[in-house]
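Welcome! Take a moment to look over the model below, and then we will walk through how some of its parts are arranged.

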Amino acid sequence: MKPFTFSMGGEAGYGIASTSLNFSKLAMRSGYSCYTYLEYPSLIRGGHNVFFTTFSKEKISGPYKTIDFLVALNQETIDRHIENMSKGSMVMHDSAQKLNLPTGKSLHYVDIPFMSLARSLGAILLRDVVALGAAIALLDGDLKILDGIIKEEFAKKGEAAIKRNFEAAQAGFDYAKKYFSLAVKPILTPTKSTKKMIINGNEAVAFGALAGGMQFSAIYPMTPTSNILHVLAPLQEEYKFIYKQPEDEISAINMAIGASFAGARSMVATSGGGFCLMTEAFGLAGMTETPIVVIEGMRGAPATGLPTWTEQGDLRFILHAHQGEFPRIVLAPGDAEEAFHMTMKAFNLADKYQTPVVVLIDKLVCESFQSFAPLDSSKFKIDQGKITYDVIRNYQRYALSSDGISLRAPAGTGNHVMGNSDEHDTYGYSTEEIETRNAQMKKRMTKLTTCAKKELIEPKLYGPKNAELTVVGWGTTKGAVLETLKQLPKVNFLHLNWISPFPADSVAKHLKKAKKIVNVELNYSGQLGGLIAEKTGIKIADNILKFDGRPFFPEELVVELSKRL
Amino acid sequence: MTKTTEELLTPVNCNWCTGCGNFGIWTAFKKAAVEKGWDNHNTALVAGIGCHGHILNFLNLSSFEGLHGRAIPVASGIKLANHKLNVFVFTGDGDCLSEGGNHFIHAARRNQNITVILHDNAIYGLTTGQTSPRSPKGFVSKSTPFGNIEEPLNPIQLAMAAGATFVARAYEGDIEHLKEIVIRANAHRGFAVIDVLQPCVTFNKLYTHIFYQENIYKLGREHDASKKPAALQKAMEWGLKKIPVGVIYESKAPSYEEQIPLLKSGSLVSNKIKKRDLTKLFSKYV
């Protein structure tokens with residue numbers, strides 16, 4: 001089945017997000033794999049919101065630009081998206097809104113009075129639910145599945161809310177069946193499939209933190225990672241952890257460091273701008289060898305930039321943030337499933353190497369909903385590394401060792417535990433002596449070598465081993481490139497999700513074999529390309545770069561890559 | 001259980017200037033620690049950056065020396081993770097009121113059960129003598145060679161306005177008095193601030209030992225520390241023969257930690273770190 005994209009657009013503040021997510025859930029429960037991408041401005045009301053749910057019987061890994069079914073709740077939806085409609089596709093509108101509908105394109109306009117139907121049910125806000133019901137009818141979906149979803153969604157709001165939403169969906173469904181029965185296409189017909197769940201990257205990170213034993217999180221709200229705190233905050237009692245909203249990101253990371261010093265598994269989450277404020281204490285965690293997990297969700301930058309759009313502009317920033325040198329582990333999951341597993345792992349890595357671990361994601365991974373086989377953490381085991389809760393004679397927090405890792409004791413265990421941002425001796429007392437400085441610096445940096453030896457997971461090569469063209473990318477571009485590969489069998493894709501320590505040998509091995517290489521990144525200067533050159537000596541001359549806040553779409557990558565074949 | 005001040009010593013030699021006000025704070029704190037049995041099982045110390053921060057090298061108690069201005073959030077994190085610990089913050093006037101002002105007011109607002117010992121020498125000592133937020137108007141220093149044109153901050157008023165529930169002032173030269181106040185501040189359930197007047201013998205030629213000895217007076221029984229308007233009035237007093245020391249304000253309010261239901265059954269770190277089963281949670285996402 002060719003991927004099919006359902007899209008709904010309208011003013012912000014009208015519940016388009018939840019309605020679209022319900023559509024995705026319905027597609028998933030009807031047996032389809034789906035990926036939901038959203039675009040919205042940095043406003044609460046009045047801006048333009050649009051959701052794209054692409055679904056197929058085959059796995060869908062990334063967002064598509066081409067729309068096959070558009071629900072237009074305002075003129076802007078028509079104006080912005082009509083050019084991306086596929087031939088013969090359907091546009092649902094309400095003629096009462098008197099939208100200016102372009103002619104000439106072979107589009108099928110379906111006029112559904114969702115405004116008056118919603119009004120007759122007593123709430124204009126129900127118009128997108130009416131539209132959803134009509135869309136389900138036109139795509140041959142099963143309304144009973146939607147009823148189930150509504151029941152779960154409004155369980156807390158009570159029977160009246162459930163009934164209202166049922167009726168709205170039913171009204172739209174019935175109207176479409178009655179007046180447009182000939183237009184019905186068997187696109188969303190329920191089909192058998194394996195059990196799936198649908199989550200976005202923010203939820204995946206929150207779940208990864210919970211599964212990974214997180215005990216303390218301090219998160220100052222910032223798009224696109226605020227949803228992590230929205231997921232975590234209500235779960236604190238049940239899962240026995242603390243979520244704290246601090247006064248700023250500086251406080252967030254210092255609190256996390258304090259909690260970790262006292263023995264709690266700790267994390268922070270922010271975006272690039274918040275991480276700017278955290279850079280000071282990022283290095284403090286490195287110097288004091290305090291384990292913390294930092295989630296950084298990139299968005300268009302610099303400064304306030306494009307707050308609700310995506311970018312991969314922070315790679316070099318994360319790698320070099322803070323003065324001087326200390327070991328940092330940087331992971332860059334390419335989708336929500338990887339984000340779940342890598343967040344869990346990040347907590348183990350932070351403890352084992354007693355240093356900050358960054359999980360670097362972006363708006364696309366953070367906020368795109370994707371269906372997966374239920375997340376499975378059965379292979380994961382908590383590993384706290386070298387830690388003691390006993391009183392150790394002559395305890396030395398920063399004792400030298402061949403792997404660079406010392407025995408950690410939390411404060412309050414009866415040991416004299418010192419964390420010191422000044423250079424320190426093996427006990428933690430401040431010192432400026434040459435020998436001690438050299439020994440402690442080497443000890444800290446050795447941890448990264450140890451980590452590389454023991455933990456490093458090699459980048460994955462997707463597609464054929466022998467390809468005409470090799471695409472190199474990291475993190476979030478995974479989805480669009482994998483979708484592109486479906487159409488270009490002679491192309492393969494080297495996806496990096498371990499950034500530091502850098503898998504230099506493995507990257508070099510793959511790239512030396514490649515016939516032609518193109519580096520694909522969502523930034524201006526090709527930061528990964530630069531990093532590969534630095535670490536392997538291989539200079540990739542060919543880049544496909546984009547920095548307009550939008551992700552890569554397979555439609556444009558197919559064109560770009562085909563030029564190179 | 002710490003029994004003698006000798007047990008609190010470390011192998012590191014003290015490096016403050018002869019006559020530095022930090023000695024009095026150090027001595028008073030050691031005495032309080034012995035009296036109350038503060039040790040590595042029940043106590044954690046945090047300091048910022050400045051001459052005051054060196055104190056952590058001279059105390060055999062678990063400690064974290066953080067960044068300039070950031071001692072309080074580290075202490076907040078420690079307290080949230082293990083609220084059974086006595087948590088003390090040593091901070092300077094530049095550290096706490098300049099670089100760390102935001103953390104100071106918000107920790108006070110939260111009424112976290114930590115004790116802040118503010119080493120207030122009204123100057124930047126470690127960076128060799130610049131004006132601080134506590135330096136008076138007209139103060140001549142390396143950064144204000146023509147005299148300081150800014151008004152100083154009043155940490156007592158600031159702490160009270162922000163919501164601190166225990167606010168005191170002490171002079172470090174009166175070690176017994178400071179010791180008593182440190183003990184009381186720690187016993188208080190909530191955010192406690194002690195503004196400790198201390199001379200910087202090297203760089204501040206205005207606020208000397210003699211100046212403080214001549215101009216402070218102890219608050220007597222007539223001062224009712226539980227009445228906020230009167231306490232605020234007292235907090236505004238500053239001048240020749242008119243610097244009150246003692247507990248200026250104390251009120252009862254639930255501490256931040258007391259209001260977290262999870263902490264009623266024990267500290268956060270008393271829960272073993274374990275993998276959580278999310279089967280139930282995932283059922284909402286299928």
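Predicted model: local features only at pLDDT ≥ 70, side-chain atom pairs only at ≥ 80, totals over all residues.

Let's begin with domain 1 and domain 2 of chain A. Where the two meet, 14 residues of domain 1 of chain A are in contact with eight residues of domain 2 of chain A.

Which elements give two or more residues to the side of domain 1 of chain A that touches domain 2 of chain A? They are helix 1 (16-29) and strand 2 (33-39) of chain A. Strand 2 of chain A provides the largest share of that side, with six residues.

Now for a sheet. Strands of a sheet pair through backbone hydrogen bonds, and they can run parallel or antiparallel. Here, nine strands form an open sheet with mixed pairing, in the order 15(A)-2(B)-1(B)-3(B)-4(B)-6(B)-5(B)-8(B)-7(B). Its edge strands are strand 15 (418-420) of chain A and strand 7 (216-218) of chain B, each of which pairs on one side only. On average, neighbouring strands of this sheet are turned by 20° against each other, ignoring direction.

Strand 5 (residues 166-171) and strand 8 (residues 243-250) of chain B pair in the antiparallel sense over four bridges. For R169(B), the bridge partner in strand 8 of chain B is G246(B).

Note on methods
Residues numbered from 1 in each chain as written. Chains lettered and ligands numbered in written order. Contact = placed C-beta atoms within 7 Å. Pairing = 2+ DSSP bridges. Axes fitted to C-alpha atoms, helices over the stretch in contact; angles between N-to-C directions.
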